[in-house]
Amino acid sequence: MNAKAGPPELQVLGTLAVLWLGAVTLAYVLWQVRLPPTCGQLHPEEGPTGSRGHSSSLAWEPLGGEAGQQPQDSCRLVLVESIPQDLPSAAGSPSAQPLAQAWLQLLDAAQESIHVASFYWSLTGPDIGVNDSSSQPGEALLQKLAQLLDKNISLAVATSSPSLTKNSTDLRVLVARGAQVRFVPMRKLTGGVLHSKFWVVDGRHIYLGSANMDWRALTQVKELGAIIYNCSHLALDLEKIFQTYWVLGAPRAVLPRTWPQNFSTHINRFQPLRGRFDGVPTTAYFSASPPSLCPHGRTRDLEALLAVMGGAREFIYASVMEYFPTTRFSHPPRYWPVLDTALRTAAFNRGVRVRLLVSCWPHTDPSMFPELRSLQAFSNPVAGVSVDVKVFIVPVGNHSNIPFSRVNHSKFMVTEKAAYIGTSNWSEDYFSSTSGVGLVVSQRAPGTRPAGPTVQEQLRRLFERDWDSRYAVGLDGQAQGQDCAWQG
């Protein structure tokens, strides 16, 4: 044995001692250096403050904190809608809660925070140079938001930049009271706009639907959406979508190649949230567009629509403002038959009854009508192929002084199995470059006790009310003139 080298055991111990000393030295050096955040962290200023005037000491975390203790969920879903003034439904027709009322009730429930994503803001008549009593509900909403800010309830707003409205003072009024606002340059980032429309209140309550923060959405435009109360798991998941907008509205923000892990979700079409809404077994998840704003785990909005269509075996009823199997905002336009093919496939291959209700108003692009007639012509009752198309015309009446109103702005679809409530029109751009959000809900009535109608049954009744109304006309009738002026 070599005496200078020493026993093997001592050699090993010596080597370990050197390694340990090196590790301690390295740890000390690193401790002295301020390390940059990892890719999964954000700077504190990149998240809305938890309460006005006090920045979070953490990188962004969802409201309530995913790791923190959450109150017990008792989810409840309520469909909400706006019916334009002077558009009466037949007595006894199905209806949803009025949107203006529902929004104020949602604000009444707020105790800590309100996060709003909206294409634009225009809650007062003077915003568009109109003096009309129908703007009052929007002005009351703006006043309520200002009052909540005075009570130290925080408000964070993500909206599209450049703004569609040039003269709106809403956000300036709210910022003066302490609101935080970020303008998201979606055109620069993705080539589209921020077209999403949703709220997250206290990390527990949700609104999602077709209505922008516009007084006309409450009294002059036909809208549909959903409010979900006391559902923190869904609310915190929707908050993650809000946060994608929020960080992109920061100065010099760039679209990440890969979103950090804390934006990821485990709630999607393959693993929806499962629970009981008012005792009714329910599954639910959110989808988003465009793909570049879908972190890991998030179902893409187009994928959600196709999945709901693909699951139908009896009927697909869809109400949407615009329907184009093409691009809408690229020049020259490109053919894009994805949704059109899905509807035809469902009707032809599975015998699904397809009904499509599309809006018709003075701003309708007449090039939509040949596409609608093509879809209608696919119907073949002899072969059991049922595809029907109608257009919905809201009479202008004595409201001609109000621009960009009197239209069915809803964007939803229902089958016997699921309800889809979204924020996007049906053309390629809304799914490839423009931000949007969808809510997919499926309920089954519990067999143990009587229950009210499922959400898909409620939505089907609202669709059929509109489909059977005098304002829904066939392509071979009143819509032939393509001026979309009501002639009833």
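Guide: Arg298 counts as buried, with a relative accessibility of 7%; buried means under 20% relative accessible area, exposed over 50%, and partly exposed in between, using a 1.4 Å probe and protein chains only. This is a predicted model, in which local features need pLDDT of at least 70 and side-chain atom pairs count only at pLDDT 80 or more, while totals for chains, interfaces and linings use all residues. Residues are numbered from 1 along each chain as its sequence is written, and side-chain values use heavy atoms, with hydrogens and water left out.

The partner of Arg298 is Asp237, and their side chains form a salt bridge of 2.7 Å from N to O. A salt bridge here is a side-chain nitrogen of Lys or Arg within 4 Å of a carboxyl oxygen of Asp or Glu. This pair connects distant parts of the chain, 61 residues apart: Arg298 belongs to the loop between β12 (280-289) and β13 (299-300), and Asp237 to helix α7 (residues 232-248). Helices (H or I, at least four residues) and strands (E, at least two) are DSSP runs, numbered from the N terminus. Asp237 is also counted as buried, at 3% relative accessibility.

The whole structure holds 16 salt bridges. Another of them joins Asp73 to Arg204, with the closest N and O atoms 3.7 Å apart. Asp73 sits in the loop between α1 (8-32) and β1 (76-82) and Arg204 in the loop between β7 (198-201) and β8 (205-209), so this pair ties together parts 131 residues apart in sequence. Arg204 is buried, at 14% relative accessibility.

Within helix α12 (residues 455-467), Glu457 and Arg461 are four residues apart, which means about one helical turn separates them. Their side chains meet in a salt bridge of 3.0 Å, N to O. Glu457 is partly exposed at 23% relative accessible area, and Arg461 is partly exposed at 38%.

Asp132 lies in the loop between β4 (121-122) and α3 (136-150). Asp132 is buried but has no salt bridge, and the nearest side chain of opposite charge, Arg406, is 8.7 Å away; Lys and Arg count as positive and Asp and Glu as negative, with His and the chain ends not counted. Beyond its neighbours within four places in sequence, Asp132 is in contact with Gln220, Asn401 and Ile402, contact meaning heavy atoms within 4.5 Å.
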